[in-house]
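Here is my note on the structure, point by point. Please keep the coordinates open while you read.

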Amino acid sequence: MSSDPLLQPYKLKHLTLKNRIMITSHEPAYPEDGMPKDRYRAYHEERAKAGVAMTMTAGSATVSKDSPPVFNNILAYKDEVVPWMKKVTDACHEHGCAVMIQLTHLGRRTGWNKGDWLTAVSPSHEREPAHRAFPKKLEDWDIERIITDYADAAERMKAAGLDGIELQAYGHLMDQFWSPLTNTLDGPYGGSLENRLRFTTDVLDKVRERVGDEFIVGIRYTADEVKKGGITESEGLEISKILTATGKVDFLNVIRGHIDTDPGLTDVIPVQGMKSAPHLDFAGQVRKLTGMPTFHAARIPDVATARHAIASGLLDMVGMTRAHMADPHIVRKIVEKREDDIRPCVGATYCLDRIYQAGDALCMHNAATGRELTMPHDIPTADTIKKVVIVGAGPAGLEAARVAAERGHSVIVFEAAPDPGGQVRLTAQNQRRREMISIIDWRMAQCTKHNVEFRFNSWAEASDLLAENPDVVIIATGGLPHTDVLDTGNDLVVSSWDIISGDVKPGQDVLIFDDAGDHAALQAAEKIAETGAKVEIMTPDRSFAPEIMAMNLVPYMRSMQDKDVTFTVTYRLKAVTPDGNRLNATIGSDYSDMTKQSSFDQIVVNHGTIPLDELYFELKPQSSNLGVLDQKAFVSGKPQITVNNSKGRFQLFRIGDAVAARNTHAAIYDALRLVKDI
Ligand SMILES: Cc1cc2nc3c(=O)[nH]c(=O)nc-3n(C[C@H](O)[C@H](O)[C@H](O)COP(=O)(O)O)c2cc1C
Ligand code: SF4
């Protein structure tokens with residue numbers, strides 16, 4: 001048996017967990033009609049198959065109708081959830097993976113204009129900034145009803161064969177009772193700590209009445225709100241002791257912080273550039289104090305830190321949640337001593353940010369995650385070996401090379417630059433975002449392992465490619481900044497890439513006109529602002545940086561708000577003219593015909609990229625498919641078989657930003673879904 005601390009079994013009550021790695025509750029927003037159907041099951045099953053000991057399904061599965069989902073959560077208040085959860089559970093149990101579910105009432109952390117249009121409820125009228133609903137202050141009959149709802153939902157989960165449940169108590173109704181900031185009730189549910197905990201103990205009593213003593217019931221809770229006037233560390237530790245003393249809780253899953261604002265949420269679930277495992281020692285403190293089975297997750301993305309968490313006795317079970325979104329096969333790779341092959345979670349938090357924008361959780365650099373029904377995590381070998389020539393070693397080109405090589409093809413990659421990475425290399429120039437380079441490094445390592453041949457510093461001409469006698473040519477040349485958007489003065493402006501790359505020195509009084517709304521503008525702004533310069537970020541949209549979602553915005557604001565940076569919305573840069581050694585900007589608006597003039601010493605335009613596609617169009621007439629991508633085959637996972645030029649000797653495809661400006665995930669998804677069938 002292995003001596004790896006992570007691979008030791010753990011006994012939780014009657015349940016033996018086969019190792020120390022778990023996936024904590026996280027709603028990927030995959031339910032259909034509020035139910036965990038095939039996509040949901042396949043997602044958890046993939047991870048169960050690869051050896052994770054326990055998966056805490058759902059995330060905020062909702063127990064009451066007046067807790068409508070905020071991100072397509074499971075509706076645990078419906079009886080029809082039972083057969084669906086049973087299917088998920090049975091599928092994971094097949095592989096020896098324990099299954100639990102997180103149950104909650106969101107309280108004020110939701111909206112009233114969803115679901116059945118019931119008011120949000122909370123122990124005070126104060127609204128949560130992140131979700132904005134002004135709640136109804138709970139009455140006695142609301143409290144009674146919701147306690148019963150918890151018990152009903154717990155009973156449903158027991159009926160579905162789950163191993164246990166976890167009650168959510170950070171930012172949701174349960175701890176809205178606990179926190180003096182959100183509880184203005186008078187006794188018996190408000191006032192003293194004992195009163196504020198009464199709702200929780202009532203729920204525990206009622207749940208136990210229904211599920212008995214054997215069924216596992218745990219709680220994921222904030223043991224320190226880290227917020228003025230909220231639950232303090234000492235109060236949180238006291239709560240930990242009280243929960244333990246009830247004898248009705250089987251594990252503690254420790255959270256530190258508050259999630260009522262985007263910055264608060266980001267401190268609880270840190271994104272790239274933030275400290276690793278910031279709350280691990282605190283969780284260890286709770287374990288030491290209570291002696292309870294203790295779980296915890298918060299940016300423990302790598303095996304070494306996870307191993308430390310267990311080996312040093314800080315935790316009993318370590319949560320690696322986003323890490324498992326990036327690579328579902330972590331445990332298998334540890335067992336097989338292939339830790340180097342683990343696709344690293346780079347903390348981009350595209351996954352979580354998307355669900356808060358009503359999307360589904362997708363991993364920035366694993367396009368198979370959440371698409372287990374159609375996309376492979378293990379690439380199958382091809383029947384016929386082909387010669388695949390790829391142009392461009394950005395994320396699209398490297399993913400194409402990785403997948404093609406894993407299929408067994410012979411692969412050559414041409415890249416004009418001395419190093420791989422394309423736009424990701426630019427992104428990683430920012431110290432906070434330097435982990436992004438792992439998207440490239442991991443692919444380079446996988447490609448090297450599979451004998452991909454790289455030709456760097458090599459501006460490929462059509463003749464170079466044809467000399468290789470390829471069966472397939474894939475153009476992944478990306479794009480170049482598109483700054484040609486003004487009536488006059490296009491030659492007077494620079495691009496956000498010019499600033500990020502260091503090719504152009506930042507000015508002192510700078511306008512950044514951003515109508516792409518993506519990272520490049522803010523990354524350039526941050527770099528300029530750091531020099532002490534004055535920066536105005538202007539967008540014609542009604543909010544700035546619309547493509548940068550909630551949690552990704554936080555580090556930018558933290559970096560720029562104390563500098564000389566302003567944000568101007570709803571104005572459009574029209575023209576730029578020289579004005580001595582300065583530049584005169586003509587500024588208009590999409591809302592009216594108004595114009596005004598402003599003076600700057602540097603103007604930066606961020607307007608996405610235009611495809612670098614000359615090579616593609618040169619090769620197109622010579623290819624067998626004339627560049628045609630059969631979209632029907634592409635989206636339904638079938639091979640590309642179009643032949644409309646019988647003289648053509650190779651298939652030609654174009655992927656990523658070489659087609660149109662999009663993002664890293666889109667580029668990688670293009671590559672995976674094309675090449676998995678080549
Ligand atoms: C897409 C997504 C959804 C999440 N939803 C929930 C949730 O509903 N309830 C919860 O307690 N935590 C939720 N989390 C937080 C995770 O359980 C975990 O605490 C967090 O991702 C930090 O752990 P990690 O760094 O290992 O990913 C979510 C995380 C992600 C990525
Ligand atoms: S999107 Fe980023 S944070 Fe989320 S799982 Fe993927 S790599 Fe990790």
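1. Start with Phe295. Its relative accessible area is 0%, so Phe295 is buried (buried means under 20% relative accessible area, exposed over 50%, partly exposed in between, with a 1.4 Å probe and protein chains only). Phe251 also counts as buried, at 0% relative accessibility.

2. A word on the basis. This is a predicted model, where local features need pLDDT of at least 70, side-chain atom pairs count only at pLDDT 80 or more, and totals for chains, interfaces and linings use all residues. Residues are numbered from 1 along each chain as its sequence is written, chains are lettered from A and ligands numbered from 1 in the order in which they are written, and side-chain values use heavy atoms, with hydrogens and water left out.

3. How many aromatic pairs does the count come to? It comes to 12. Rings of Phe, Tyr and Trp (its six-membered ring) pair if their centres lie within 6.5 Å; planes under 30 degrees apart count as stacked, over 60 as edge-to-face and the rest as tilted. Phe251 and Phe295 form a stacked pair, with 4.4 Å between centres and 20 degrees between planes. This pair links distant parts of the chain, 44 residues apart: Phe251 is in strand β10 (residues 251-255) and Phe295 in strand β11 (residues 294-296). Helices (H or I, at least four residues) and strands (E, at least two) are DSSP runs, numbered from the N terminus.

4. There is also an aromatic cluster. Tyr150, Phe177, Tyr189 and Phe199 make it up.

5. Two arginines deserve a look. The charged end of Arg256 sits over the ring of Phe282, 3.9 Å from its centre. The rule here: NZ of Lys or CZ of Arg is within 6 Å of the ring centre and within 35 degrees of the ring normal.

6. Now ligand 2. The space taken by ligand 2 is the second largest cavity. A cavity is a set of points, on a 1 Å grid over the protein atoms alone, where a 1.4 Å probe fits but cannot get out. A molecule sits in one if more than half of its atoms lie within 2 Å of its grid points.

7. Which residues come nearest to ligand 2? Of the 13 around it, they are Cys345, Ala348, Thr349, Cys351 and Cys363 (near means that a heavy atom of the residue lies within 4 Å). The shell divides into 9 nonpolar, 3 polar and 1 charged. Ala, Val, Leu, Ile, Met, Phe, Trp, Tyr, Cys and Pro count as nonpolar, Asp, Glu, Lys and Arg as charged, and the others, Gly among them, as polar. α11 (321-326) and α13 (350-355) each supply at least two shell residues. α11 gives the most, with 3.

8. The peptide bond from Gly187 to Pro188 is cis, with omega near 5 degrees. Pro188 lies in the loop between α4 (173-178) and α5 (193-196). Arg299 is not a glycine, yet its phi is positive, about 55 degrees. Arg299 lies in the loop between β11 and α10 (303-311) and is buried at 10% relative accessibility. Asn457 has a positive phi near 50 degrees. Asn457 is in the loop between β15 (453-455) and α17 (462-466), and is exposed at 56%.

9. Last, Asp579. Asp579 is in strand β22 (residues 572-579). At 42% relative accessibility, Asp579 counts as partly exposed. The C-alpha atoms of Asp579 and Phe600 are separated by 9.3 Å, with the residues 21 apart along the chain.

Key:
1 Å grid on protein atoms, 1.4 Å probe; cavity = no way out; pocket = protein on both sides within 12 Å on 5 of 7 lines; lining within 4 Å.
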